[in-house]
Amino acid sequence: MGPKSEKGVELALPEVATTRRRPRPQHLRFKKILTHVGIALSLFLLCDLSHEAWKHSCKSLSLDNYINSVEDAFLAVPSNESAIANSRYYATHPHLAGSLEDLQDAKDILSFFRNEFGIPSSPAEPIFDAGSPESREATLSITSKLNSPNAWIDVYYPVMNTGNPDGISLEILGQDGASIWTADLLEDGDPGDETAAKYKHAVPSWHGLSAAGVVTGPIVYANYGTKDDYDKLAAMGVDLTGKIVLARYGAIFRGLKIKGAEDRGAAGIIIYTDPRDDGAVVAENGYLPYPAGPARNPTSIQRGSVQYLSIYPGDPTTPGYPAYENATRVEGRNIPQIPSLPLSWANAKYLFEQELGGVEEGRKFNGKVGSRVIKMANDVDTKVIPIWNTMTAVPGHIKDEVVILGCHRDAWVMGAADPTSGTVSLLEVVRGLGALVKRGWKPIRTLVIASWDAEEYGLIGSTEWGEDFAQWIQAHAVSYVNVDVSVAGSRYAASASPSLAHLIKRTAQDVSHPTDSSKTVWDALYDSGPYTGEQDADFARMWAVMNHSWTRAASEDDVREVSPLGSGSDYTVFLQRLGVASSDQTFSSTPTDPPYHYHSIYDTQMWQETYADAGFHRHVTLAKTLGLLTLRLSDSIIIPLNTTEYALQLDSYVDTVDDLASGIITTKFHRIRKAISKLQHASAKLDVEKVKAENAFLKAARNLPRGWFGHRVIRRIKNWIERHLATGFPLPERDDAVLMFPALHTLNVMDLTKHDMCESCKGPLCDLIRAAIRVKRVNQKLSLFERGFISEEGVKDREWFKHLGVAPGKYLGYGATTLPSLTEAILYEQNATLVEYEVTRLTTLLTKLAHNIEP
């Protein structure tokens, strides 16, 4: 389908003839040329020192200096004062997904987007039901008809639940069945933190998407509740049927702890926060509990979704398609069937003391079963609840290439770290980009920025939007840039598609360290917190193993510190279902940082300002890093994706599989390695073509005479635009290059690789057109590289996930498993026939990808 005019009428731009015996009508030849001129001028404007609205400050700059001036102007905007002010606004009230407070925050961020990007207000609020013509138009028009920034809210209707505190309880029963102890299931709301005290009863202590029910049974401790932990209990002879599992948070996603218990016949599960996982900052080392000191408040409770995240994210009742209000719904396959409760250490400690032989003895993980009956009740109200994604778009000169930046907005309570720290960093990025827009800057590629809703329930807002606009995203998205918790500790961490690793490293090296101006953000990879003390031996070993794996991965090239993406945040649908290169960055906690009160009433502004990021230097630093990454993705002539790094990392993925297969499966992986070698060879060729294409374009741009825009052909183009495309386009009376551009760039949504109109023509404009088409072809291969890992068949037993390169671990949730289908066929299925099938699938996929990217 061809490009659309302003009124949506398809422009008649027919295919080029395969023979020159019959000359084409002059008006059709002209329209062909016009199409090519559009893309050429789109790119030329970047190199043309005028870039009209910017020329007052950088009129005589080279391309490199121009880009530097844009980046410097952006970096000058994010400020500590603004970040603190926004955090004090958004992190001082609860904003649970679907609540009135959440809706108000959505509207406030809509107003923020409008103000920063100069979007005029409208008579009616642009809040559209997903699936409505208005909602569809808001997104689909971004790459066709949008000519100035726009902002709106999409409303989806997922099934979620809320906890009923009157129906949630945990008791120990005596021999007569009467209750002899009842857990308070409350966080104390210490008045030392005024916000926590004010809202201590605002949000019940329950698990999102948990099953309702009342169950009884003896208690069994299951350590972290991992697959290995459950297997160890079975090896000890412990039958979990009818029992209530007590597991601690950590190691894997909480929902998969429940799935493991459910699969083994447990009646219910309690998940508590264990101070052993707080590293050095514990009461035993003399640290006072928050808010009096940096140690964990013992009454803090970690709420959270218990969706079976590694099966599929999003609305449980609409897997693979968007949750419209009138959607056809199915029974969710990714939610628990047994009840669960979150528990504080203060309450869990009593259970250990009364039922498992004491705190030390009970936590030895020896398979001991409690002697008395535990009764737990979970009462939830499950229903369709509206949620609100707040969206904004800034059209680029090349409209049909899109960079997406997002952070979720909803929180379990106040969420000063999760997600308000991310929201604050996102808003600072928007302030910086808005300042550029107000100076007349326009990105080369289109930007879409999202404040997602209902991430906390299972990545729902982003997943529903991704499922809603899957074809559009796969056709246009260059990269997805995610932020969630921007600050919860002192150590910088980045995870991403390997093709983004070098860009992330360079960007982090170009931003100053938040607290030491002699260092960069990249140096913060090795930062740690300010506190010292003895640590639990098991936890210290686990942390050391994790750090050793990072160090080993980065031993030859520290770009490997950028780890693969698993799941747990909004990049999931973009990367692992749609094949869009994605990234996530954060400052995370270490064993010597103050414990982060995850999903508790104590994740507050006071905790952030006192312990996590005094002065908000890390918030602002991450905003600069995210913004710079976004700018470089949007404003580079060649999309800065490193496919060769990705292809090289595939070797290590196969090495991991080889190690796993040893002693289990005799299959050799030489076919995959051969396909990877072909991919590496093709990528190396593409690397060469990237350089040549950019150099050719820059040379052609420099050779285009400045006065040439008075040429009669260009005048004719201008007149044609005014006659046919001027609706909605106020064409300014300025230099012809600038005059044409706003209309010309709307034509570049066409597939220019199919046209050869300028193959035989001569002259500087034709040279520029040919060079621009060459750049476009390279960029198409780069943006589609990640798509090459997508298999419609998906990952076995969890087919929502389509990416055969990486997926959340089947029994991990958060953590990544590379080559997931093959890995799981070896590790869990141990089926030689299935392994061979997965080897064939991967080999075919990689061979096709190598063919597709070869220039």
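Tutor: Let us start with strand E10 (residues 268-272), which is joined to E12 by four bridges, the two strands running parallel. Here helices (DSSP runs of H or I, at least four residues) and strands (DSSP runs of E, at least two) are numbered from the N terminus, and two strands count as paired if DSSP finds at least two bridges between them. Look at Ile269: it stands opposite Ser340 in E12.

This is a predicted model, where local features need pLDDT of at least 70 and side-chain atom pairs count only at pLDDT 80 or more, while totals for chains, interfaces and linings use all residues. Residues are numbered from 1 along each chain as its sequence is written, and side-chain values use heavy atoms, leaving out hydrogens and water.

Now step back to the sheet around E10: an open sheet of four strands, in the order E8-E9-E10-E12, with parallel pairing. At its edges are strand E8 (219-221) and strand E12 (340-343), each of which pairs on one side only. On average, and ignoring direction, neighbouring strands of this sheet are turned by 25 degrees against each other (axes are lines fitted to C-alpha atoms, for helices over the stretch in contact, and angles between N-to-C directions run from 0 to 180 degrees).

Another open sheet has eight strands in the order E1-E2-E15-E17-E16-E18-E20-E19, and its pairing is mixed. Strand E1 (127-129) and strand E19 (491-496) form the edges, each pairing on one side only. From one strand to the next, the twist averages 20 degrees. Inside this order, strand E15 (residues 387-394) pairs with strand E17 (residues 445-452) in the antiparallel sense, over five bridges. Thr392 is found opposite Ile449 in E17. Helix H15 (residues 501-509) lies across E19 and strand E20 (582-588), and runs at about 155 degrees to E19.

Finally, the helices. Helix H4 (residues 80-90) packs with helix H12 (residues 420-438) at an angle of about 135 degrees, their axes 9 Å apart. H4 and H12 are therefore oblique to each other (under 35 degrees is roughly parallel, over 145 roughly antiparallel, 65 to 115 roughly perpendicular, and the rest oblique). Their contact (heavy atoms within 4.5 Å) is made by Ser82, Ala83, Asn86, Ser87 and Tyr90 of H4 with Thr420, Val424, Leu427, Glu428 and Arg431 of H12.
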